[in-house]
Amino acid sequence: MRFRLPIYGLLLFSFLQGTPSSDLDSLKRGLEFFKWKKIEVELNQFQYGQTYNSNLSVSFIDSLSYLIESSEQDIFISGNIIKTLNKLTKQLIIDERFSEDRDIFSIILGDLSGISISNKRNENGLITFSFEMKEIEMNGTISVNKENWHFENLNVDYDKDNWISLKVSAWQILRGSYSFSTFGKEAVEVIDLRE
């Protein structure tokens, strides 16, 4: 009788350790897969009657830094500082954002603070959730691979006249070095909006 209590305690602890985590935790872990990866994405945006399409490369350097590259401009975000290099004019714009500001790429990297998810459904090998960020009145859907919860696509509805759709087409391990301090050194004009 004396040995039963420790054994039951061990079994209960093992059971608690083996229970599945919440969908939000699983989603966060699956999204964090893209840290130290470079992804190719197709971006579609509808804004006040106009549709924009572009292909982007996004390099997720760490949990606070990522580089977005397109044919016209490169945007390097590190913490609260944003550097935008216009490739055509060689103009570098430096700006600051509030620490709580997020964009669709910070969500893809796994920053789900302030996000609530609902309406989980399985669709053609994907798990799709509806999500909402009440503080900035943003909602949409996010889909991840059913097997490993890795990000597949995201749709954000700002209002009936503004939406963004983003889909991953390929990814690879991040190679090379990325320096926020040296980004934009080739610029012929620097505009610092922080001043």
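Trainee: In which strand is Ser59 found?
Mentor: The model under discussion is predicted. Within it, the strand that spans residues 50–60 includes Ser59. That strand is β2.

Trainee: Is Ser59 buried or exposed?
Mentor: A residue counts as buried when its relative accessible area is under 20%. For Ser59 the value is 0%, so the residue is buried.

Trainee: Which residues does Ser59 touch, not counting residues up to four places away in sequence?
Mentor: A contact requires heavy atoms within 4.5 Å. With residues up to four places away in sequence not counted, the residues that Ser59 touches are Lys37, Lys38, Ser65, Tyr66, Leu67, Glu69, Leu174 and Tyr178.

Trainee: With which residues is Thr51 in contact, leaving aside its neighbours within four places in sequence?
Mentor: Thr51 belongs to strand β2. Once its neighbours within four places in sequence are left aside, Thr51 is in contact with Gln45 and Phe46.

Trainee: What distance separates the C-alpha atoms of Thr51 and Ile164?
Mentor: Along the chain, Thr51 and Ile164 are 113 residues apart.

Trainee: How much space lies in the largest pocket, and which lining residues are the closest to its centre?
Mentor: The space in the largest pocket amounts to about 550 Å³. Its lining consists of 21 residues. Those closest to the centre are Leu43, Gln45, Leu56, Gln73 and Ile75.

Trainee: Which element gives the most to the lining of the largest pocket?
Mentor: Two or more lining residues come from each of β1 (37–47), β2, β4 (73–78) and α3 (104–108). With five residues, the element that gives the most is β2.

Trainee: How do the residues of this lining divide into nonpolar, polar and charged?
Mentor: Leu, Ile and Val are among the residue types that count as nonpolar, whereas Gly counts as polar. On that basis the lining of the largest pocket has eleven nonpolar, seven polar and three charged residues.

Trainee: For the protein as a whole, what percentage of the residues is buried?
Mentor: The protein has three helices and twelve strands. Of its contacts with a separation of 6 or more, 45% join residues 24 or more positions apart. Among the 195 residues, the buried share is 38%.

How values were computed: Residues are numbered from 1 along each chain as its sequence is written. This is a predicted model: local features need pLDDT of at least 70, side-chain atom pairs count only at pLDDT 80 or more; totals for chains, interfaces and linings use all residues. Side-chain values use heavy atoms; hydrogens and water are left out. Helices (H or I, at least four residues) and strands (E, at least two) are DSSP runs, numbered from the N terminus. Buried means under 20% relative accessible area, exposed over 50%, partly exposed in between (1.4 Å probe, protein chains only). On a 1 Å grid over the protein atoms alone, a cavity is a set of points where a 1.4 Å probe fits but cannot get out, and a pocket is an open set with protein on both sides within 12 Å along at least five of seven lines; lining residues have an atom within 4 Å of a point. Grid points are joined across faces, edges and corners, and a volume is the space filled by probe spheres set on the points.
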